[in-house]
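Here is a short briefing for a reader new to this structure. Please look over the sequence and the model first.

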Amino acid sequence: MSGSGHRRYVILLRAIGPVTHRLMSMAGWCDAAEKAEFQGAATFGNTGNMLADFQGSEGAAAEAMIKVLRGFGLGENVVPIVRPISVLTMLAEALDADVADPSQAAVYFFATAQPDFSWLKDHDGPERIRIVNEHLVVDFTRDANKSGRLIRQIEKNCGVSTARNWNTVRGLAKLAAAQGKMN
């Protein structure tokens, strides 16, 4: 339950993988987050997705989470990208009907509030791209691994980001709804 003044956030980690898992388990991450004044921390999957309450802004939650991550010895490449649950819910609702194959679609979440999407006007690949509330939604229309050029362009032109496939975005939104945390 969200405490007074607390907001429910989704925290998505960039650059999580086998090396980071050796330093930080998902259960250990939840425990450390709770000690850092996050409440009700729960992970989804094993790839750096957390729902948690925090008293403060997105920026304050991100700063607090950076300290948690550095406490595990994780490097600066592991970046928390924080969004209110309402943004996640909005993305899920806006795009559910428009994604043909959820396993081949991804939402890119950016560390900066206003990423530069101007370069997209020159994109001529087979991927379908939409901008929704400063998030990039990419329907790869084929195996995402064949879109390496686009993936590199996203990071180069838009800055630090992390992507979640459509199934993960929907799963996180459903978990948040089940918990009744919609602020």
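A polar contact is a pair of N or O atoms within 3.5 Å; within protein, one must be able to donate a hydrogen and the other to accept it, and residues adjacent in sequence count only if both atoms are side-chain atoms. The model is predicted: local features need pLDDT of at least 70, side-chain atom pairs count only at pLDDT 80 or more, and totals for chains, interfaces and linings use all residues. Residues are numbered from 1 along each chain as its sequence is written, and side-chain values use heavy atoms, with hydrogens and water left out.

**Salt bridges**

- The structure holds 3 salt bridges. The term means a side-chain nitrogen of Lys or Arg within 4 Å of a carboxyl oxygen of Asp or Glu.
- Side chains of opposite charge can pair when their charged atoms come close.
- Asp53 lies in strand 3 and Arg8 in strand 1, so the pair ties together parts that are 45 residues apart in sequence. Helices (H or I, at least four residues) and strands (E, at least two) are DSSP runs, numbered from the N terminus.
- Both Asp53 and Arg8 are buried. Buried means under 20% relative accessible area, exposed over 50%, and partly exposed in between (1.4 Å probe, protein chains only).
- Glu155 and Arg14 also meet in a salt bridge, at 2.7 Å from N to O. Glu155 sits in helix 5 (residues 148-158) and Arg14 in the loop between strand 1 and helix 1, so this pair ties together parts that are 141 residues apart in sequence.
- Glu155 counts as partly exposed, at 30% relative accessibility.
- Arg128 and Asp139 form a salt bridge too, at 3.3 Å from N to O. Arg128 is in strand 6 (residues 128-132) and Asp139 in strand 7 (residues 135-139), 11 residues apart.
- Arg128 is partly exposed, with a relative accessible area of 39%. Asp139 is buried, at 9%.

**Surroundings of Arg14**

- Neighbours within four places in sequence aside, Arg14 is in contact (heavy atoms within 4.5 Å) with Asn77, Val78, Val79, Glu155, Val160, Ser161 and Thr162.

**Nonpolar cores**

- A nonpolar core is a set of buried Ala, Val, Leu, Ile, Met, Phe, Trp, Tyr and Cys residues joined through side-chain atoms within 4.5 Å.
- The largest core has 23 residues, of which Ile11, Trp29, Phe38, Met50 and Met65 touch the most other members.
- Strand 1, helix 2 (26-35), strand 3 and helix 3 (58-71) each give two or more residues to this core. Helix 3 gives the largest share, 6 residues.
- Met65 is in contact with Ile11, Trp29, Ala33, Phe38, Met50 and Pro80, leaving aside neighbours within four places in sequence.
- Another core, of 21 residues, lies apart from it; Leu51, Val79, Ile81 and Trp166 are among its members.

**Helix 6**

- Helix 6 (residues 166-179) has 14 residues and reaches 20 Å from first C-alpha to last. That is close to the expected 20 Å, where the expected span is 1.5 Å times one less than the number of residues.
- Its buried residues are Trp166, Thr168, Val169, Gly171, Leu172, Ala173 and Ala176. They pack against strand 1 (7-13), strand 3 (49-54), helix 4 (85-95), strand 5 (105-110) and strand 8 (161-165).
- Asn165 caps the N-terminal end of helix 6, with a side-chain oxygen 2.9 Å from the backbone nitrogen of Asn167.
- Just after helix 6, Gly180 takes a positive phi of about 70 degrees.
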